Amino acid sequence: MNTLTTPFNISEHRVLSASAHPDDLEMMNLELLGEAEAAFAYVATDGGASTVDYARSSLC
Amino acid sequence: MPGVHFVDLATRRRIESEVALSTYGIKSHYGELPDGHLAKWHKDYYRHIMGITLVSLVHKHDITAIATPGATGFDGHPDHIAVHHAAITARDILRSNGRDVTLLELNAEDAGELVVPVRRPRKLSALALHASQMPLTPAGVLDPAFLQQYPVYTPLLTHETYNITPAGSAS
């Protein structure tokens, strides 16, 4: 954990959410981005794998 | 069936995402890399592709902070972890070119420096826009049974907690 030397104010930041899947941002970062000065999203994958595919991939 | 069009899962999720993000005023960029493969055979390639794309978006939108799923991907999903590493790559590329960003890493242990309270109805409504992934109640919100099935996400319905690596600090 980092020790902050100055208070961190999210409302002063332009935030880019880096997420893997189309619904990750809403689950993980929605409120953070709502507090930011401006909010942007990068969604890395096409979201084409099903839950079953994920379960299989986790076993690889 | 007139008026009904069936699309593949990737297309449906893209549409759901565009609707959700635009609803909340979030501009989006889609990498369209293969779901479930970011930490597999071509992981170094994907990491650099993602990192370079993030660098481009930082410059394009004058970004000052990047939020990541954290070192554990929050829930351990290999794609989430790969994206976190890509964000670190982006930060390192930016630093080597004289620019820096703050990293906000989602913390699964409830031990971060930044705690953002969640407006639960708002988040449930946002998640409900991803109907292909989320079980919904008749009222159109996320079914509480989902959280019983995946309890790892339960804290995210009350608060989001982040570790902060400020711009200009050591890694």
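Predicted model: local features only at pLDDT ≥ 70, side-chain atom pairs only at ≥ 80, totals over all residues.
## Basis of the model

Local features require pLDDT of at least 70 and side-chain atom pairs pLDDT 80 or more, while totals for chains, interfaces and linings use all residues. Residues are numbered from 1 along each chain as its sequence is written, and side-chain values use heavy atoms, without hydrogens or water.

## The sheet

Seven strands (DSSP E runs of at least two residues) form an open sheet with mixed pairing, in the order S1(B)-S2(A)-S1(A)-S2(B)-S3(B)-S5(B)-S4(B); pairing requires at least two DSSP bridges between two strands. At the edges, S1 (27-33) and S4 (114-117) of chain B each pair on one side only. The twist averages 25° from one strand to the next.

Within chain B, S2 (65-68) and S3 (102-106) are parallel and share four bridges; B:Thr68 has B:Glu105 of S3(B) as its bridge partner.

Helices are DSSP H or I runs of at least four residues.

## The cavity

The whole structure holds one cavity of 30 Å³ or more, a cavity being a set of points on a 1 Å grid over the protein atoms alone where a 1.4 Å probe fits but cannot get out. The largest cavity has a volume of about 40 Å³, taken as the space filled by probe spheres set on the points, which are joined across faces, edges and corners.

Residues lining the largest cavity include B:Phe74, B:Asn107, B:Asp110 and B:His159, where lining means having an atom within 4 Å of a point.

Conventions:
Chains lettered and ligands numbered in written order. 1 Å grid on protein atoms, 1.4 Å probe; cavity = no way out; pocket = protein on both sides within 12 Å on 5 of 7 lines; lining within 4 Å. Axes fitted to C-alpha atoms, helices over the stretch in contact; angles between N-to-C directions.
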